[in-house]
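The following questions and answers examine the terms used to describe a structure. Each answer sets a value against its definition.

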Amino acid sequence: MSASLKGKKVAFLATDGVEQVELTDPREALEKAGAETELVSIKEGSIDGFHHLDKGDTFKVDKLVGDVDFNDYDALVLPGGVANPDELRQDRAAVAFARSFVEAGKPVAAICHAPWLLVEANVVRGRTLTSFPSVKTDIVNAGGHWVDEKVCHDAPLITSRNPDDLEAFSGKIIEVLGQ
């Protein structure tokens, strides 16, 4: 993971209920590698992180998803949690933001339950992904192929199953962005 990401800008799209470690670990790894990150959300102010079902820390939102342009970013990271992607997939601007990255061929990294947003954006058909096991049926029903692997890269998508896979997930994001 020696790739320098200086000059790269990465959006993290999340809202209340985000699995905290799936936000903080990749963000810290990307910033350590030189990338600039911004927390983009569907609500102003701050969002609440969670450790599974227990409330965690609060995170300051940098920008609203309706006010940003995907062209200003080199990649998108979608942390999981159950409530976070379920809320995001109901927001038209969030769905359109994620779809724009995929359509442009820019890396989109989604972990745990976050592929729900990709299913909603209708961008999984014909692609291979992994996720938390309960999301498998949604991916398959949307025309994707599901695999049980630590990290799966089917460009432009990078997906992982759960917090146990965070090291491989962050490493793959850094590798792809560093190319």
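**Terms and the values behind them**

Q: Why is histidine 52 counted as exposed?
A: Histidine 52 has a relative accessibility of 63% and therefore counts as exposed, given that exposed means over 50% relative accessible area, buried under 20% and partly exposed in between, with a 1.4 Å probe and protein chains only. Histidine 52 lies in the loop between β4 and β5. The model is a predicted one, in which local features need pLDDT of at least 70 and side-chain atom pairs count only at pLDDT 80 or more, while totals for chains, interfaces and linings use all residues. Residues are numbered from 1 along each chain as its sequence is written, and side-chain values use heavy atoms, with hydrogens and water left out.

Q: What makes the phi of histidine 52 worth a remark?
A: Its phi is near 60°, a positive value in a residue other than glycine. Most residues other than glycine have a negative phi. Cysteine 112 also has a positive phi, near 65°.

Q: Why are α1 and α6 called oblique to each other?
A: Helix α1 (residues 20–32) and helix α6 (residues 166–177) pack at an angle of about 40°, with their axes 10 Å apart. Axes are lines fitted to C-alpha atoms, for helices over the stretch in contact, and angles run from 0 to 180 degrees between N-to-C directions. Angles under 35 degrees count as roughly parallel, over 145 as roughly antiparallel, 65 to 115 as roughly perpendicular and the rest as oblique. The two helices, α1 and α6, are therefore oblique.

Q: Which residues make the contact between α1 and α6, and how do they divide into nonpolar, polar and charged?
A: From α1 come Val21, Glu22, Asp25, Pro26, Ala29 and Leu30, and from α6 come Leu166, Phe169, Ser170, Ile173, Ile174 and Leu177. The residues of this contact divide into nine nonpolar, one polar and two charged. Ala, Val, Leu, Ile, Met, Phe, Trp, Tyr, Cys and Pro count as nonpolar, Asp, Glu, Lys and Arg as charged, and the others, Gly among them, as polar.

Q: What makes β2 and β5 edge strands?
A: The open sheet of three strands has the order β2-β4-β5, with mixed pairing. Strands β2 (18–19) and β5 (54–60) each have a single partner strand, so one side of each is left without a neighbour in the sheet. Two strands pair if DSSP finds at least two bridges between them.

Q: How do you know that β4 and β5 pair?
A: Five bridges join strand β4 (residues 46–51) to β5, and the two run antiparallel. Aspartate 48 stands opposite threonine 58 in β5.

Q: What is the strand order of the open sheet of seven strands, and which strands stand at its edges?
A: The order is β6-β3-β1-β7-β8-β12-β11, with mixed pairing. At the edges stand β6 (63–64) and β11 (151–154), each with a single partner strand, so one side of each has no neighbour in the sheet.

Q: How many bridges join β1 to β7, and how many join β11 to β12?
A: Three bridges join strand β1 (residues 9–13) to strand β7 (residues 75–78), which run parallel. Four bridges join β11 to β12, which run antiparallel. A hairpin through two residues connects β11 to β12.

Terms used: Contact means heavy atoms within 4.5 Å.
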